[in-house]
Amino acid sequence: MSVSDRPLDLALPGARRSKQRSNFELYSWIFMRVSGIVLVFLVLGHLFIMNILDGGVQRINFAFVAGRWASPFWQIWDLAMLWLAMLHGTNGLRTIINDYAERDQTRFWLKMLLYVSSAFIILLGTLVIFTFDPNLG
Amino acid sequence: MAATPVGTLYAGGQGMWSWVAQRITGIAVFFFLYVHVLDTALVRVSPEAYDLVIATYKTPIVNLLEVGLVGAVLYHALNGLRVIAVDFWAKGPRYQKQMLWTVVGVWVIVMVPGTYYMMKHTVEALFGSTP
């Protein structure tokens, strides 16, 4: 096991172990690494373009967004970034809730709140990318 | 198991603190992402609404927060790659400490010019410069 991360909750004293065996935690662990590598390029590229290149954030406005989303390349970039970052972040927060919320009820409701708000953000973002209208207003 | 353990689970050191920083930067970036999707969604409301909220991103204080955001994302990305190397590279665990200093080094090398370009406009607007 690595020093800097804990792939399974075996190392936690008192960790709850599910009765039935499931590979979900393994897949979640693999997903964090695979999505992480892809996000390094998508997110750092996004931050470089938006915050540093060519005047950075000062040049961003509605027309700038319209110009970018006229291209399927940036639509797909942003859609992939939205889904991967949201799932990566939601899974990260799920791990943190499991680690620190001690009462079963607290864990359950914190995770429900997390899943509902994440689903809302993913759907809203997807809808915005697919229904964007450059001639609005 | 007692609710308050005696002592700590970890011995401390770079291994623990890099992990703590990974969690803190992860949480911070994730909450920003929620807000950022919401503000971007204003492009569906009207160009004026979107431009109004984007104007706050251009103010000096929020501009400084953006440097913090980029710093947090960059650390999380670089240390994440280090975690992957520790997990999958046979020699990863042996070189984890050297890789952490590499992470810190690359972070500084990127953040110094990055901060300059991100803050250029704000510094000029606040302290004046020849046009």
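Mentor: In this predicted model, A:Val43 is in contact with A:Met81 and B:Val73, once its neighbours within four places in sequence are left aside. A:Val43 belongs to the largest nonpolar core, which has 31 residues, and it is among the members that touch the most others, together with A:Leu47, A:Met86, A:Leu114, B:Phe30 and B:Tyr34. Both chains contribute to this core: helix 1, helix 3 (72-100) and helix 4 of chain A, and likewise helix 1 (13-40), helix 3 and helix 4 (96-127) of chain B, each supply at least two of its residues. Apart from it lies another core, of 15 residues, including A:Ile60, B:Val43, B:Tyr50 and B:Ile54.

The aromatic rings come next, with 11 aromatic pairs over all chains. One of these is formed by A:Trp29 and B:Phe88, whose ring centres are 5.5 Å apart and whose planes stand at 50 degrees, a tilted arrangement. Because A:Trp29 lies in helix 1 (residues 24-52) of chain A and B:Phe88 in helix 3 (residues 60-88) of chain B, this pair joins two chains. The two partners can also be described by their accessibility: A:Trp29 counts as buried at 15% relative accessibility, since the cut-off for buried is under 20%, whereas B:Phe88, with a relative accessible area of 56%, is exposed.

A further pair is made by A:Phe62 and A:Phe132, which is tilted because the planes are at 45 degrees, with the ring centres 5.5 Å apart. This pair links distant parts of the chain, given that A:Phe62 is in helix 2 (residues 62-69) of chain A while A:Phe132 is in the segment after helix 4 (104-131) of chain A, 70 residues apart.

Of the 131 residues in chain B, 37% are buried, and among its contacts between residues at least 6 apart in sequence, 63% join residues at least 24 apart. The accessible surface of chain B comes to about 7700 Å², with 74% of it belonging to carbon and sulfur atoms.

Technical notes:
Residues are numbered from 1 along each chain as its sequence is written. Chains are lettered from A and ligands numbered from 1 in the order in which they are written. This is a predicted model: local features need pLDDT of at least 70, side-chain atom pairs count only at pLDDT 80 or more; totals for chains, interfaces and linings use all residues. Side-chain values use heavy atoms; hydrogens and water are left out. Rings of Phe, Tyr and Trp (its six-membered ring) pair if their centres lie within 6.5 Å; planes under 30 degrees apart count as stacked, over 60 as edge-to-face and the rest as tilted. Helices (H or I, at least four residues) and strands (E, at least two) are DSSP runs, numbered from the N terminus. Buried means under 20% relative accessible area, exposed over 50%, partly exposed in between (1.4 Å probe, protein chains only). A nonpolar core is a set of buried Ala, Val, Leu, Ile, Met, Phe, Trp, Tyr and Cys residues joined through side-chain atoms within 4.5 Å. Contact means heavy atoms within 4.5 Å. Accessible areas come from the Shrake-Rupley method with a 1.4 Å probe; for residues, only the protein chains shown count as cover.
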